[in-house]
Amino acid sequence: MSLFDIFRRKDPAPAAQAKERLQIVLAHERGDRNSPEFLPQLQKELLAVIKKYVPIDDDKVAIKLERESGCSVLEVNVELPVGKARAAAAAAAGKPAAAN
Amino acid sequence: MAKIVTMTSGKGGVGKTTSSAAFGTGLALRGFKTCIIDFDVGLRNLDLIMGCERRVVFDFVNVINGEAKLSQALIKDKRVENLYILPTSQTRDKDALSKEGVEKILDELKKEFDYIVCDSPAGIEKGAQMALYFADEAIIVTNPEVSSVRDSDRILGVIQAKSRRAEQGLEPVKEHLLLTRYDLERVEKGEMLKVDDVLEILAIPLLGIIPESPAVLKASNVGMPVVLDDKSAAGQAYADAVARFLGEKVEHRFMKPEKKGFFDRLLRRSA
């Protein structure tokens, strides 16, 4: 660094931005790479089954396979619409749905 | 036992062929019988970098198809003892290389050579996969730049999933990082990824840092592997990388700038 750098405005160094962006994008891509090939199909079929009972949007199902030491965890997240969720829960319990 | 070393990168233009030529020549200079194979079917270039383009008669694909013997296609280097080049074909048929054909040739080469250096084409498709399939070790050529680092990470994934060693559950392919076109001045200014940054992201051992150097272009102009230019920083860096590959402990150079005098620093300002 030279004497004159002291008076310069400090932006985050471009290289630091490059590193940060790479770390984020690669974390994402490595996750996708390690997931088994059947996952997208499984997601599609699960979605179809759930849709038979509850009307949900296609993008409201997230499916993830995580490997930890000794076991794998298949995580399925389904986001149900508020009113419909209650109706579905009530229907499952065999009671009439509460008015919303 | 012969070793197959694949020079690969995912991204194009980062210095795979330059590095294959320099690294293979470096191995031969150390007394190992070495063959460098150009796997970039359709885009033959190793012959130009090695300066033997006018001596190509038969190529890799001719040998696979049984149109020539391996000994007819191998070109013996005129400068370095123990060094041979197997040029690729200019055919546009991208299925010219078959796994069986490549395996047969590699098996034949293994009987005669200590090291077989495979110069991979860019990409992660069939050509690149063919070059890395039989690898015992892989050298990932990376520039300190976002797209090159990302592509290196992709190709590491391919090596770990699709190489023969991975498929057959053998000991994994040994990976090395070769960081090329490293510009210390720009790193110091925070404009370029540091070697430590790239190492942290890719998490593979560092084989060498090749500094950005005018010697590389000059050497390619005249068809000379840059390692033969032992006065140049790049040439020395390749020789160091070869020594490390052979298990010698050589300290990394070009990681810190040369010491500058007081006046240099004062006058540098915004240079």
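## Chain B: backbone exceptions and overall form

R181(B) lies in strand β7 (residues 174-182) of chain B. The model that contains this residue is predicted. R181(B) is not a glycine, yet its phi is positive, at about 60 degrees. Its relative accessible area of 42% makes R181(B) partly exposed, because that class runs between the buried limit of under 20% and the exposed limit of over 50%.

N82(B) also has a positive phi, near 70 degrees, and is likewise a residue other than glycine. N82(B) sits in the loop between β3 (75-76) and β4 (83-86) of chain B. With a relative accessibility of 24%, N82(B) counts as partly exposed. As background, most residues other than glycine have a negative phi.

The two residues are set out below.

| Residue | Phi | Location in chain B | Relative accessibility |
|---|---|---|---|
| R181(B) | about 60 degrees | strand β7 (residues 174-182) | 42% |

The chain as a whole comes next. Chain B holds 13 helices and eight strands. Its radius of gyration is 19 Å, close to the 18 Å that the globule rule gives for 271 residues, so chain B is as compact as a globular protein of that length. Along the principal axes, the C-alpha atoms of chain B fill a box of roughly 65 × 40 × 35 Å.

Of the 271 residues in chain B, 52% are buried. Among contacts in chain B with a separation of 6 or more, 73% come from residues 24 or more positions apart.

Confidence remains to be described. The mean pLDDT of chain B is 92, and 94% of its residues reach 70 or more. Where in chain B is confidence lowest, and where is it highest? The lowest value belongs to helix α13 (residues 262-268) of chain B, with a mean of 64. Strand β5 (residues 115-119) of chain B has the highest, at 98. For the model, ipTM is 0.83 and pTM is 0.81.

Key
Residues numbered from 1 in each chain as written. Chains lettered and ligands numbered in written order. Predicted model: local features only at pLDDT ≥ 70, side-chain atom pairs only at ≥ 80, totals over all residues. Heavy atoms only, no water. Helix = DSSP H or I, 4+ residues; strand = E, 2+ residues; numbered from the N terminus. Rg over C-alpha atoms; globule rule 2.2 N^0.38 Å. Buried < 20%, exposed > 50% of the residue type's maximum accessible area, 1.4 Å probe, protein only. Contact = heavy atoms within 4.5 Å. pLDDT = per-residue confidence, 0-100.
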